[in-house]
Amino acid sequence: MTVGQLSTDHVASLEGLHTEVTISRRCADLAELLAAVRTGRADAALIIGDTDQLTETTVAQLQEDTDAVVVISDLPSERTRLAQLGLTAFDDAVPATQLAQALHHGRPGGGDTPHTTSPAPDLGKVAEPLGPHRRGGGSEASEQAEFAALMETNGFDADAERPVDARFTGADGHAGAKPAPAVTAVWGISGAPGRTTVAVNLAAELSLAGRKVLLIDADSYAASAAVHLGLLEESAGIAQVCRAAEFGSLDEEALLRATLEVQIGGAGCDVLTGLPRSNRWTELRPRALQRVLELSRARYDHVVVDIGSEISPDQDLGFDSPAVQRNSAAQTVLAASDHVIAVGAPDPVGFVRLTKAVQLYAEVLPDAPVPEVVVNKLRKRVIGRSPRRQLTETWGELDQSQGISAFLPWEPESCDAALRAGQVLAEAAADSPLRQQIAALAGVEVRRRRRRLSGHPVQGRRPRRRTRD
């Protein structure tokens, strides 16, 4: 099936060869071509001339139902763009025999711009180790007592040895000996369990540990990472890079243009801000978002992605089902991640939601990484005595597949102070147990100290962005 025409009548030339390649239908526009291809009666698609509407999503639709997609354009820049999308691109002077071969066998090449695609980053690539843990010390007696009291209030044993996460433990038993995952998705239940708080501070701790980190806000319902960091510009960095990926123009330079560099205690963390309005969720198309993650994985040591809670597929609309769904962004990120943190709440409503969400996760995304379950906002007032033990036992009764990996204490004062100032916990509450527990999720152990990393009292927001050269 074919659409479009330039100065050369390629349809007549192909038919004149009298080979196995024959044109079964000439379509009026790309929309008709897409509809015709979906009937399954075409082995290949030939698009001539008007190729500006070809995007990552439309190419994926064509490739899903055909063995070969060939395009002809008289614009060198357009042929380069199409080659970036993985298509076979020719100029208008392509010989009929070469064109027939590409349509029949799906072989790349042709024209003055041969079909080439950059090698995709290795999806199994992991970042380098974070480095050995550091033991804290030098705290005053009063500070230790205050710290222990706060830990006890939230159900923690201040004298107990913190268990070392096996993901960051080498054969010698020392933390930091094993590489950390490259892409970490922070997901969880609805109802504000603290997903963004965990994601932002996780990225901050990795940055402070000396790693090159990118924080991506891919929440298609309520993006808020920018507010947590005091970034008041609605630049929608995630939409910019997805748009570039959709049209085959995403590269390292385009990625850097869309990111903001945030200074955290002298360390830099790049941020792709989220959608300023939730009704723009259609801009986070799956194939484009996947390319963004692949490029980010190749450039950064760690990529932390904050996503929405909903992962259920939309109702199947059959033949007319849309190419992008409301929850496809979360599904795409989870499927492409090396590590998933599932954040839940300890209260009866939130805990039941967490168990059901993890069960749904296994059904919807069976090939995605097994999530690391983290219970946030742990407090005795809502659970009673020994909240960790009670929740662990209840979780074992409801879900036998895995245990709860971590408990994060409830510290509203620290979180409110950080949010009010547009800071992370390492700046606003450097000695808080919550900050230390989140750092432990990243395999980073921090010393407790009195002074904030910023060196300024928490008073209000201040500019965060540093202009790139």
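**Buried rings, a sheet and one threonine**

In this predicted model, Phe 351 and Trp 395 are both buried.

Me: Which helices hold Phe 351 and Trp 395, and how many residues apart in sequence are the parts that this pair ties together?
Reply: The two rings form an edge-to-face aromatic pair, with 5.8 Å centre to centre and 70° between the planes. Phe 351 belongs to helix α13 and Trp 395 to helix α15 (residues 387-398), so the pair ties together parts of the chain whose separation in sequence is 44 residues.

Me: How many aromatic pairs does the structure hold?
Reply: One of the pairs is that of Phe 351 and Trp 395. Trp 187 and Tyr 361 also form an aromatic pair. The count for the structure is two.

Me: What kind of aromatic pair do Trp 187 and Tyr 361 form?
Reply: Trp 187 sits in strand β6 (residues 183-188) and Tyr 361 in helix α13 (residues 348-364), 174 residues apart. Their ring centres are 5.3 Å apart. An angle under 30 degrees would count as stacked and one over 60 as edge-to-face. The angle between these planes is 35°, and the pair is tilted.

Me: Is Trp 187 buried or exposed?
Reply: Buried means under 20% relative accessible area. Trp 187 has a relative accessibility of 1%, so the residue counts as buried.

Me: In what order do the five strands of the open sheet stand?
Reply: β2 (26-27) and β5 (88-90) are the edge strands, and each has a single partner, so one side of each lacks a neighbour in the sheet. β1 (residues 2-3) is joined to β2 by two bridges, and β1 also pairs with β3 over two bridges. β3 in turn pairs with β4 over five bridges. The pairing is parallel, and the order is β2-β1-β3-β4-β5.

Me: Which residue of β2 is the bridge partner of Val 3?
Reply: The strands β1 and β2 run parallel. The bridge partner of Val 3 in β2 is Cys 27.

Me: Which hand does the crossover from β3 to β4 have?
Reply: These two strands pair in the parallel sense, and Ala 44 has Ala 68 as its bridge partner in β4. Between β3 and β4 the chain passes through helix α3 (residues 56-65), and this β-α-β crossover is right-handed.

Me: Why is β3 largely enclosed by the rest of the structure?
Reply: In a regular strand, side chains alternate between the two faces of the sheet. One side of β3 carries Ala 44, Leu 46 and Ile 48, the other Ala 45 and Ile 47, and both faces are covered. The strand is largely enclosed because the number of its five residues that are buried is five.

Me: At about what angle to β4 does helix α5 run?
Reply: Helix α5 (residues 96-105) lies across β3 (44-48), β4 (68-72) and β5. Its angle to β4 is about 150°.

Me: Which residue has its backbone oxygen 2.7 Å from a polar side-chain atom of Thr 332?
Reply: Thr 332 is placed in helix α12 (residues 328-336). Leaving aside neighbours within four places in sequence, its contacts are Pro 286, Leu 289, Gln 290 and Leu 293. Thr 332 counts as buried because its relative accessibility is 13%. The backbone oxygen at 2.7 Å from its polar side-chain atom belongs to Ser 328.

Methods: Residues are numbered from 1 along each chain as its sequence is written. This is a predicted model: local features need pLDDT of at least 70, side-chain atom pairs count only at pLDDT 80 or more; totals for chains, interfaces and linings use all residues. Side-chain values use heavy atoms; hydrogens and water are left out. Helices (H or I, at least four residues) and strands (E, at least two) are DSSP runs, numbered from the N terminus. Buried means under 20% relative accessible area, exposed over 50%, partly exposed in between (1.4 Å probe, protein chains only). A polar contact is a pair of N or O atoms within 3.5 Å; within protein, one must be able to donate a hydrogen and the other to accept it, and residues adjacent in sequence count only if both atoms are side-chain atoms. Contact means heavy atoms within 4.5 Å. Two strands pair if DSSP finds at least two bridges between them. Axes are lines fitted to C-alpha atoms, for helices over the stretch in contact, and angles run from 0 to 180 degrees between N-to-C directions. A crossover is right-handed if, with the strands pointing away from the viewer, the path from the first strand over the helix to the second runs clockwise. Rings of Phe, Tyr and Trp (its six-membered ring) pair if their centres lie within 6.5 Å; planes under 30 degrees apart count as stacked, over 60 as edge-to-face and the rest as tilted.
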